[in-house]
Amino acid sequence: MKAFRFLFIFILLLQSNVLLAYSGLDFVENKSQWPDNVDFAVDFAGGKLFLEQDRFTYSLVELPEHCAGHQHEAEEVKQVYGHAFQVVFEGARSASVNAGVDVQSHYKNYFLGADESKWASRAACYGGVYYKELYAGIDLEVYNSGANLKYDLRLKPGADASQIALRYQGAEGLYLSDGDLMVQTSIGPLWELEPYAYQLVNGVEVEINSAYRMDGNLVTFALGDYDASRELIIDPTVVFATYSGSASDDWGSSATYDSGGNGYIAGVNFSVGYPATFGAFQIDFGGDTDIAISKFNGNGEIIFGTYLGGSGADTPRAIVADAEDNLILLGATSSEDYPITIGALQPTFLGGTNIMVVGIEYTNGTDMCVSKISRDGADLLASTYFGGSGNDGCNTSVTLNNDYGDAARGDVATSSTGDILIASSTYSVDLPTLPSAHQSEPGGQQDGLMARFSSDLTELYWCSYVGGSGDDVLYSVKQHPENLDYYFLGNTVGGLNIEAGFNSSYTGGADGFLQRLNISGSSPSGIYLSSPGTSNDLAYLFDFDSVGNVYAMGLSRGEYPVVGDAWIQEGEQQFIHALTANMDSTVFSTVFGDIEMLNLVPSAFGIDREDNIYLSAWGGSLQTIGGGLEGLYTSPDAFRDSSDGDDFYFLWLSPMAEQVEYATFYGSDSFGTEHVDGGMNRINKDGVLFQSVCSCGGIAMPVTLCAASQQINSTNCNQYLVKFDFRDNASSGSGIDPPEVYCLNDSLVEATFVFPQTEEGLVYTVTVGDNTYETTDSLTLTYSAFENITLDNVEAENFACGFSYDFGLIECEEPVGIEQENDESLSLRIAAGQLLIEQPVEGQLRIFDNLGRLVLSRKLLSGQQSVALPDLATGLYHVRLKSFAGIVGQTVFVESGK
């Protein structure tokens with residue numbers, strides 16, 4: 001049996017609902033990215049809060065209906081409605097001192113607008129902010145509780161509570177309702193819950209009667225009797241979730257990796273800036289969408305987040321890391337003030353006509369943008385516009401938009417010398433092509449576009465149109481590892497001037513193609529990727545194997561030719577076609593899927609060093625043309641062997657596609673809508689997938705221990721990254737073996753913890769109750785049932801997130817038998833927070849709650865083993881054991897006291 005390593009990173013990218021390492025909101029310091037009067041700012045669901053010396057400034061936004069729930073088809077919506085108001089701490093001291101508290105390990109960068117003085121690098125993130133002496137003897141602490149904002153007014157002994165007065169400016173109304181304070185805005189209400197005041201007396205909270213008092217738009221606190229010699233804390237809670245039916249979106253687009261195995265994502269972020277005026281406001285839809293990029297380490301912990309964009313719509317197409325692990329991005333922008341660096345090839349936005357693409361309006365038309373960001377995210381190393389007088393970087397061809405997201409595809413790559421390559425589409429007839437270009441004049445309508453830039457984006461080496469009399473588009477580009485020629489993949493309606501040893505004839509409809517250029521961008525050769533007849537055949541992704549053959553993946557509505565002895569689902573709609581480097585003969589070609597319909601929207605494709613073939617794609621309700629995921633093959637050891645209709649599909653084929661090594665569905669358990677909003681995702685040469693997902697519907701995707709966010713708090717769509725290792729036999733979490741499990745029953749037991757041994761002699765710490773131990777390899781401890789055991793690495797970054805074993809007070813139970821069809825014996829019992837299992841064959845364990853939601857899924861080996869249970873509320877759970885030999889356990893119910 002093969003074992004697989006998964007790293008699931010759930011990201012509510014740069015939004016209020018971000019649950020990073022500390023599971024809270026980020027209070028980000030102002031390093032000139034906001035007006036000088038702002039100290040800190042925090043994103044929340046539906047807007048942004050700015051903390052200032054003596055006030056809170058709220059900038060709220062209600063996204064259009066097509067954003068809520070990601071209903072992309074409602075593209076007629078063109079306006080976003082917002083409301084801004086302030087809460088002024090009237091009479092507050094101007095000399096109060098503020099400081100961030102609970103500093104986080106990650107940071108954010110802001111490359112927004114054309115004014116470089118407003119760019120900010122390494123803006124620190126905090127878990128809260130403390131204002132000392134806001135009033136005489138009164139401090140203010142602002143922090144979060146889940147998705148809500150809390151602030152404590154801390155009165156020192158003898159402080160006068162009557163100093164505190166909150167004036168609400170810019171709201172449409174202010175009301176008291178059952179003790180709560182309701183702030184009415186043009187897009188709905190925001191609530192401040194009834195205040196809770198208390199004092200600590202001998203370590204015990206003693207509640208003090210408290211209530212809001214209103215006088216017009218001025219709010220004060222009425223307090224009951226309290227001990228003036230002790231500190232008094234007034235603790236209101238601001239509830240964001242009730243003022244708007246939709247949350248700020250963060251749409252998943254592109255992902256990549258670097259040489260250290262770190263993962264990156266780039267998506268479309270919906271946010272708002274500091275309000276110019278207070279009260280209701282209205283902006284063009286897309287006017288405040290920025291590109292949002294995040295970097296994560298191998299444990300899934302966030303390293304940095306970066307905003308990139310101007311005042312218009314800015315969206316990513318693809319990202320890639322260069323040889324120095326700097327990140328290069330290709331995007332599309334309608335911003336006249338997109339951040340451009342000194343000496344850029346094209347410093348001026350040329351624009352085009354107003355268009356709506358994948359639910360985003362580009363009010364000024366579009367240019368492409370190409371940007372390079374340093375490996376730590378702190379510097380914008382190079383950035384330029386690229387385009388002409390027409391729209392560039394958006395595929396708006398009706399025929400070539402086969403399915404959702406195709407309009408937002410494109411690719412960026414680097415050459416062996418560090419040059420930057422792009423593949424995209426254009427309606428501009430005045431691009432800066434050179435006389436030596438493969439095609440210096442446009443072909444007709446929408447054309448494909450290929451270009452090569454210097455690494456600093458100050459020089460254009462060559463640029464070429466790719467197009468005939470109809471519409472054309474390019475989706476992917478790579479440099480060949482041996483002959484160093486450049487290969488571009490795309491699609492055409494009407495045909496191209498293709499020079500090839502075979503299959504050089506356009507067959508009608510839409511045909512895919514591969515094209516090859518030399519280092520100067522000339523001497524083309526190529527081949528069509530098509531089936532006989534006039535049906536549509538569309539190519540999406542390609543890669544090279546270890547001997548230089550080129551493999552292309554796409555979709556066909558015809559009978560795509562099959563060559564060789566590869567694994568096949570005959571007559572199906574997805575194809576893989578392997579060609580020699582010269583594209584003069586076929587190595588093999590095969591098809592798979594459901595015989596009646598297109599199943600998939602391709603997202604990532606790659607060949608590893610041993611010539612294994614990997615694919616990631618999605619399907620479901622957002623597909624425009626495809627018919628869903630029915631009929632796709634899954635292997636016996638699949639992570640998920642069935643789909644709820646909206647999922648990803650991961651496929652691993654052996655060299656020459658001779659057999660399926662692994663095939664699985666991947667997504668939320670039910671009611672979620674997983675997809676990609678265009679963009680390019682990557683599979684590295686070790687067979688590791690880096691996939692960005694736009695996850696909608698409020699159902700959380702799988703997450704791991706160290707993931708930057710453990711749950712979803714948004715009712716709308718948020719970006720998610722999965723790093724999926726098809727091949728490694730490795731654990732999914734800490735790298736530290738769990739202890740042996742014993743029945744506790746309140747007795748003292750002995751357990752041995754085994755740590756990874758390293759050449760560096762790393763020191764690990766183990767905490768049991770109040771006792772702490774240090775070791776470099778193993779430790780045997782005696783502990784009791786009511787103690788938690790926590791393990792943390794002191795010096796090593798690779799185990800930086802730490803973890804805990806919580807053994808609770810669960811008593812052992814007698815084994816519960818599960819009858820099998822062939823009388824094979826399987827048994828399970830719960831002990832010390834572990835499920836103890838014995839079964840004769842390899843299989844899969846799944847546990848569901850009483851609502852049918854999956855709470856645990858694990859692959860099992862044969863024999864005795866233990867599985868750590870998640871934190872489960874007391875109740876009944878459905879435990880299902882399924883063997884890979886076809887033995888399925890009957891339903892049993894286990895009562896858990898964990």
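## An aromatic cluster

Ten side chains come together here: Tyr614, Phe639, Phe648, Phe650, Trp652, Tyr662, Tyr666, Tyr720, Phe724 and Phe726 form one aromatic cluster. Please keep in mind as you look around that this is a predicted model.

## Aromatic pairs across the chain

Across the structure there are 40 aromatic pairs. Take Tyr404 and Trp618: their ring centres are 6.3 Å apart and their planes meet at 75°, so this pair is edge-to-face. The two partners come from distant parts of the chain, 214 residues apart. Tyr404 sits in the loop between strand 31 (380-386) and strand 32 (411-414), while Trp618 belongs to strand 45 (residues 613-619). Both Tyr404 and Trp618 are buried.

Because Tyr614 is in strand 45 and Phe726 is in the loop between strand 51 (718-725) and strand 52 (749-754), the pair ties together parts 112 residues apart in sequence. Tyr614 has a relative accessibility of 0% and so counts as buried; Phe726, at 1%, counts as buried too.

## Salt bridges

Side chains of opposite charge can pair when their charged atoms come close. The structure holds 22 salt bridges. One of them joins Lys108 to Asp26, with 3.5 Å between the closest N and O atoms.

Another salt bridge connects Asp411 and Arg682, whose closest N and O atoms are 3.1 Å apart. Asp411 lies in strand 32 and Arg682 in strand 49 (residues 682-683), so this pair ties together parts 271 residues apart in sequence. Asp411 is buried at 0% relative accessible area, and Arg682 is buried at 10%.

Arg154 has a relative accessible area of 18%, which is under the 20% cut-off, so Arg154 counts as buried. Asp152 is buried with 3%.

## Negative charge on the surface

For a look at the outside, turn to Asp178, Glu194, Glu205 and Glu207, which gather in a surface patch of negative charge. Glu207 is part of strand 16 (residues 204-208) and, at 54% relative accessibility, counts as exposed.

Technical notes:
Residues are numbered from 1 along each chain as its sequence is written. This is a predicted model: local features need pLDDT of at least 70, side-chain atom pairs count only at pLDDT 80 or more; totals for chains, interfaces and linings use all residues. Side-chain values use heavy atoms; hydrogens and water are left out. Patches are made of residues with over 30% relative accessible area and no salt bridge: like charges are joined within 9 Å, nonpolar side chains (Val, Leu, Ile, Met, Phe, Trp, Tyr) within 5 Å. Accessible areas come from the Shrake-Rupley method with a 1.4 Å probe; for residues, only the protein chains shown count as cover. A salt bridge is a side-chain nitrogen of Lys or Arg within 4 Å of a carboxyl oxygen of Asp or Glu. Lys and Arg count as positive and Asp and Glu as negative; His and the chain ends are not counted. The place of a charge is taken as NZ of Lys, CZ of Arg, CG of Asp or CD of Glu. Helices (H or I, at least four residues) and strands (E, at least two) are DSSP runs, numbered from the N terminus. Buried means under 20% relative accessible area, exposed over 50%, partly exposed in between (1.4 Å probe, protein chains only). Rings of Phe, Tyr and Trp (its six-membered ring) pair if their centres lie within 6.5 Å; planes under 30 degrees apart count as stacked, over 60 as edge-to-face and the rest as tilted.
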